[in-house]
Every structure is written in structure tokens, then in C-alpha cells.
Amino acid sequence: MRSSTLETASAPSPVTLYAHGAETLKASAALVCIEVACGERYALSEVLYQCPRCGSLLEVAYDWRGADSTLWKQTWRARRMDNQALNQSGVWRYREMFPFVDDAAQVVTLREGNTPLLQSPGAAQYAGLHSIAFKHQGFNPTHSFKDNGMTVGVTQARRIGRKRVACVSTGNTSASMAAYASAAGLTPVIFLPHGNISFGKLSQALEYGALTLQVDANFDQILALVRQVSERSGVYLLNSINPFRIEGQKTMGLELLDQLDWQAPDWLVVPGGNLGNTAAFGKGFLEAYRLGLISKLPKLGVVQAEGAAPFYRFMLDPKPKGFVPETNPETLATAIRIGDPVSWPKAWNAIREAGGAVESASEQEIADAKAVIGRAGIGCEPASAATLAGIRKLVAKGVIGADEQVVAVLTGSVLKDPDYIFKYHTGQLKTPGGEPIVSTFGNQPMVVPNDADAILRVLDGVA
Ligand code: F0G
């Protein structure tokens, strides 16, 4: 049985939706084609994922004139002290940056965002940096960064009156969509590459009540299928090609800047799969820069797994028609096992605008970096650790300076893929091609007798 009794953002007393300056922006919000030569505009109420005129991607754009960013900074800080659901959300707190909702009661929130920025001297040393900070999105309600975008995507589904929502996923999008859709009283329909998602993520989808369809195909093939199905059935598509998801995800960058008192870091590094996240950070930072919220743009670092690195290869020699998808992507970091990333044009634009670099990391490099993040007491899932592995390589190449301020985004929690962790620490992890991965930082569990003396001898040996 589905229910919509969840506490949405509606509160006993009416919430002031927008600070001064944002009400006027609402009227200017439109879906705009990202292709400069086209630039066609569409109403936000239209259900579009690509420009009907030229086929390029769409984004939500605003006319920022009239924005009062100084007042907004104060408003956002003050909202942290407030008990209204809308203000407790680390996404909706920044709603002046995506002012298209008219009624607080439409918002579906599980108090997403509010994720910490964690320093790790150990990880910094491993990367060859003086310091590094991790923006840990695994602290979200469904334990990945997808919640930041999903709260906005599902809210839009509700605004336009859709009852069913769908996505294909390597696991995290589906877990997040399942939770938010069920919370909103909508029906979540998810499509998964059969046998290629972690058990933790699959279990979340089942627990949150999604209709779960496992397809014998890879992510890219299923995305084409789901787009067809959604077009023919009217099910609302919530993959990151959906521009409203990106609006929510860009608040990760805003929250980060707020946490740094609006002093932008030199680098922001993310793992790259479908490249929606790269696009979201790029858009958020660019808007913050244009509004005068920050005085410099962080450079963007993107790290892909070696076996699923079409964007890395493209960026070695980027040309408008030069993007070649990877037809058989393979990596143990299943979250980023994607060969034909939909958002590559947006990601490319973002890197051209801000500067940056794209790197790739091997299975061994990702596994070791992940263990280093774990030993710092932080932990993350395999795809997230690609950041540290890539940063280490970029520092060694001199692309990132040792004294630059680097923030890496940990996209999912350590418990998303426990099977991988156990195999790494016990020397059983193998690459998709069957090559053994060395447990460089392995930590084997020990079997001990039920005997205090024997245990004390063990303790003496390790302390
Ligand atoms: N890290 C994690 C943990 C992810 O789940 C994903 C994407 C990424 C990084 C890459 O982000 O696609 O925006 O470049 N997961 C999607 C999913 C594809 O279906 O959950 P991206």
C-alpha cells in the first residue's frame, strides 16, 4: 500500500518561500537548449529531456538580474537554525538558486544534503598533497549524492501531476528514486543491469517498494530502452538527463562553498560515470561565480575507471564530433560502469569554462585508494574512491599542485558494497578480467580461540 502521509515540507505555519530577489527570478525560469547555436526555450511545465528542435541537452536557466546574493548568503545561514523541513533540507535551503516551485507543500524532502566536509591528513599524504577534504555525500538519507537531485526531480514529477517515475541505474539512482517516490506516494519503476549492481543497492530498491525490473543488458542499452518506455507510457524519467535533477545536485557545490565561508577551493574532484554530477557542480559553481557569491571558479577534476573511460579518452583530444562511446564498459566500481555518458557535452562545457582535468584509474588504484579512505575512518564505495586515486596521479603529473586546496566528492557510503570490501581485505578481489588485485592495505579478520591468554598473546603481537 502506498501512502502520501509522509511529512513533506508542509509545516504548520506557512514557510516564506523566497528571500528578496528570487520571486522575480521565478518568472524567468525556463528550459533552455545548451547548444549555443540553437538556444531554444521551453516552459518548465513541458516534459522534455532533450531539445525537440536540435536534440541537444536541456538545462534550467534563469535571468539572474534582481538577485540579491548578499542577502541570500545571510538567509541560507539563518535557515540552518530553523526547524521548518524546507529549511532543514541541505538542498531546499538554497532554493533561491532554483526558484521554480510555487508552493512549499509540493516539496518532497527526507532532509537530504547537510553532508560533512572531512579533512584527512592520511589521504592527503597518500595523494602527495598538503591537505585534502572530502565532501561526503554518503551521509544522505539513502547514502549517496543522488538524494540531492532526487528531491527536486520527484518534486517536479509531483508538480506536473505524474504518478509513476522511472530510471535505469547502476544502483544509487534507483535506491534514491525508490525512496523519494514512495515517500511522495508515487510509483517507482526501476530498471537495473541484471547481475551488475551491488546487493546493498538492490536491497534498498526492494525495501523502498520499487517495481524492480532486472534487464540482461548494460546501463547504456537499458537507458535507450527506458527512454522508449517512458515516452510510450507517460512515466516520468528521472535519470540525470532530467534537468531538474541537476538543479538539486548543484546545491552540493553551494553547500560546500557555504561550509568554506564562500572561499572557493582550487579543485573539486568527482568520479565520472554518466557525467551528470560533473555537469551539476559546473553549473552550480558558474552560477555562484556570476552572482558574485565566489570570486573564483574551482577547477573541475573528473576521474573515470580505466575500463569505462570514454570521457577521459575524449578529453585527450576533444573535438565536437569526436566522442566515442565505450561499447563494453567494465569495472568493479559498478556505479560508474557506463560507456556512453549522456551528459558529456555539459561536462565538457563545464571543464572548458572552469578549467580542469580528466584522469582514469585502474582497478588496483581504485581499490587501494578506497582502503586509504577507509583507514582515515571515513570510508566510501568503490566509485567514490576513484577520486583519490585520480588525484594522486594528477599530483604526480604536476597538474594539481601539492599546496592547492582540493575537495574530493565521496559519492556513496562505505556500506553500499560490502562484498567488494570483504574480498579486498581477504585477498579475494579480482578485476573483471580475472586478474588478482593485491590487498596492499588488507586487513584480514582473525579467528581466535575462546581463551583470554591466547587473545592477549595476539594483542601483544599487534600493539
Ligand atoms: N559515484 C557513485 C556512487 C554513483 O552512483 C555514480 C552514478 C557516480 C559516482 C557517477 O556520477 O553518473 O553523475 O557521473 N551512478 C548512477 C546510478 C549512474 O545509476 O546510480 P555521474
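Predicted model: local features only at pLDDT ≥ 70, side-chain atom pairs only at ≥ 80, totals over all residues.
Biologist: Fine. Which element gives the most to the lining of the largest cavity?

Modeller: That is α11, which contributes three residues to the lining of the largest cavity.

Biologist: How many cavities does a search of the whole structure find?

Modeller: Three, counting cavities of 30 Å³ or more. The largest cavity has a volume of about 310 Å³.

Biologist: And which residues lie nearest the centre of the largest cavity?

Modeller: Phe145, Lys146, Gly273, Asn274 and Ala335, out of 27 lining residues. The elements giving two or more residues to that lining are α6, α9 (243-249) and α11.

Biologist: What does the lining of the largest cavity have by class?

Modeller: There are 15 polar residues, nine nonpolar and three charged.

Biologist: Where does the ligand sit?

Modeller: In the largest cavity. Around the ligand, two elements give two or more residues to the shell: α6 (172-184) and α11 (276-290).

Biologist: How many residues surround the ligand, and which are the closest?

Modeller: The ligand is surrounded by 20 residues, and the closest are Ser169, Thr173, Asn274, Leu275 and Thr411.

Biologist: How do the residues of the shell around the ligand divide?

Modeller: Eleven are polar, seven are nonpolar and two are charged.

Biologist: Let's go to single atoms. What lies 3.1 Å from a nitrogen atom of the ligand?

Modeller: A polar side-chain atom of lysine 146.

Biologist: What about an oxygen atom of the ligand, which side chain lies 2.8 Å from it?

Modeller: That one is asparagine 172, through a polar side-chain atom. Glycine 276 has a backbone N or O atom 3.2 Å from an oxygen atom of the ligand.

Biologist: How much of the ligand's accessible area does the protein cover?

Modeller: The cover is 99% of the 470 Å² that the ligand has on its own.

Biologist: Which element gives the largest share of the lining of the largest pocket?

Modeller: α13, with nine residues. By class, the lining of the largest pocket has 20 nonpolar, eleven charged and six polar residues.

Biologist: And what volume has the second largest pocket?

Modeller: Its volume is about 350 Å³. Leu332, Thr334, Asp417, Asp419 and Lys423 are the closest to its centre, among 20 lining residues. The elements giving two or more residues to this lining are α7 (199-207) and α16 (418-425).

Biologist: Which element gives the largest share of the lining of the second largest pocket?

Modeller: α16, with four residues.

Biologist: Last one: what classes has the lining of the second largest pocket?

Modeller: Seven polar, seven charged and six nonpolar residues.

Note on methods. Residues numbered from 1 in each chain as written. Heavy atoms only, no water. Near = heavy atom within 4 Å. Polar contact = N/O pair within 3.5 Å; in protein donor to acceptor, adjacent residues only side chain to side chain. Areas by Shrake-Rupley, 256 points an atom, 1.4 Å probe, with all protein chains shown as cover. 1 Å grid on protein atoms, 1.4 Å probe; cavity = no way out; pocket = protein on both sides within 12 Å on 5 of 7 lines; lining within 4 Å. Sits in = over half its atoms within 2 Å of the grid points. Nonpolar A, V, L, I, M, F, W, Y, C, P; charged D, E, K, R; others polar. Points joined across faces, edges and corners; volume = space filled by probe spheres on them.
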